Amino acid sequence: MRVSWSNPAVRAMVYQIVAVALVVLAVVTLVSNTRANLNALNIQSGFGFLDAEAGFAIGETPIAYGPQDTYAKAIAVGLLNTLRVAAIGIVLATLLGTLIGIARLSKNWLVAKLASGYVELFRNVPLLLQLFFWYSLITENTPGPRQAVALLPGVFVSNRGIKLPLPAEALAFDLALGGFALAIVASLAFAHWARRRRDAAGKAPPVGRWVVAMLIGLPVLGWLAGGAPLALDMPTLQGFDFVGGATLTPEFAALLIGLVIYTAAFIAEVVRSGIQSVNAGQWEAAEAIGLRRGAALRLVVLPQALRVIIPPMTNQYLNITKNSSLAVAIGYPDIVSVVNTTLNQTGQAIEGILIIMGAYLVVSLTISMLMNWYNRRMALTER
């Protein structure tokens, strides 16, 4: 390569080197100034505070946690709370959004208009206001624990949340959950194998029956392996509140309902546009071979629409994860709320913000990676 300024490749290389040098200089200057200012204010920097005792309680803890535990464990609890509401929200918003999106294309005038009204109402109202609405609706319009509504034996609804019975033997419950998770993985692997067999031999085994059998059978096997206990830890009213059982708190319920309903409105539009992107001739071809409209949608149109739906759906999954940070407004102890408490106690705001940014970055990149992998699996391959 001729080294001359008139050579475009040389100029491009020089420009890139200069750009990288400017970015590095800006970062070094920012870090240097920040450290100097922190030293001037006698504020310690670094992440050593993570090993110190937190000293505050957290209302919802998926893992064992107490005020005597460290800040690192408190932040882990906050992150697990964020992941829990995001994971459940993604599943429920996908189901609800898909139904609303299909309903928008219904030939029934009333169903189509109701679905359209849902989309226009919930996607045009700020999510924060919706969270306040659902939280106030749950806390202000449900009775106190002493007047709790008993939906089923052991299931009570009050302004303290929903109380549910739990298996008394934790081991059997954990084994049953493990069996359910194993069943999901085995079902996906079996469906993949069945699809490959269908492509090779033209005939596939009955996937639906085997999937149902695994989803029911493996959790039951886990429960049997745990000793098949039948005793339940039932919530009972003692004094001013219930004790025992599990609690679905108003904060979690309001956050989950708000996220699901808000995101489902956007997913509905993604699904609707994806279905409409499929050529009308596909509908006509499906009807020509005798398929009903529901079967044509499930077997012909939706598989093709998926290739259009997946990329924008990824954005919605990222949005529901990041929007969960609004939980701090209604008191749900997600990672933002826990880190806010931490930095108020330690005064290390920069480290706290970096932890929040790093956590959301890792979670978002993981979701993007999984969805990109799924998108590549569903994409048409030209030969």
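Predicted model: local features only at pLDDT ≥ 70, side-chain atom pairs only at ≥ 80, totals over all residues.
Which backbone oxygen does the side chain of T142 reach at 2.4 Å?

Residues are numbered from 1 along each chain as its sequence is written, and side-chain values use heavy atoms, with hydrogens and water left out.

**Figure 1. The whole protein chain, for orientation.**
Eleven helices and eight strands make up the count for the protein chain (helices are DSSP runs of H or I with at least four residues, strands are runs of E with at least two, both numbered from the N terminus). The radius of gyration is 26 Å, well over the 21 Å that the globule rule gives for 383 residues, so the protein chain is more spread out than a compact globule (the radius is taken over C-alpha atoms, and the rule is 2.2 Å times the number of residues to the power 0.38). Along the principal axes, the C-alpha atoms fill a box of roughly 85 × 80 × 45 Å. Of the 383 residues, 34% are buried (under 20% relative accessible area; exposed is over 50% and partly exposed is in between, with a 1.4 Å probe and protein chains only). Take the contacts between residues at least 6 apart in sequence: 65% of them join residues at least 24 apart (contact means heavy atoms within 4.5 Å).

**Figure 2. T142 in the loop between α4 (127-140) and β1 (149-152).**
Back to the opening question: the side chain of T142 reaches the backbone oxygen of I138, at 2.4 Å. The T142 side chain also reaches the backbone nitrogen of N159, at 3.3 Å (a polar contact is a pair of N or O atoms within 3.5 Å; within protein, one must be able to donate a hydrogen and the other to accept it, and residues adjacent in sequence count only if both atoms are side-chain atoms). Skip residues up to four places away in sequence, and T142 touches L137, V157, S158 and N159.

Not counting residues up to four places away in sequence, A148 touches P143, F156, V157, S158 and F242. Y360 is 212 residues from A148 in sequence, and the two are 38 Å apart in space, C-alpha to C-alpha.

**Figure 3. D69 in the loop between α1 (8-40) and α2 (71-104).**
Is D69 buried or exposed? D69 is buried, with a relative accessible area of 18%. The D69 side chain reaches the backbone nitrogen of G66 at 2.8 Å. Leaving aside neighbours within four places in sequence, D69 is in contact with A52, E53, A54, G55 and A64.

**Figure 4. L96 in helix α2.**
L96 counts as partly exposed, at 29% relative accessibility. Look for Y118, V260 and A264 here: L96 is in contact with these residues, once neighbours within four places in sequence are left aside. Between L96 and S277, 181 residues apart along the chain, the C-alpha separation is 21 Å.

**Figure 5. T314 in helix α9 (residues 293-323).**
With a relative accessible area of 8%, T314 is buried. Which residues is T314 in contact with, leaving aside its neighbours within four places in sequence? They are S368 and M371.
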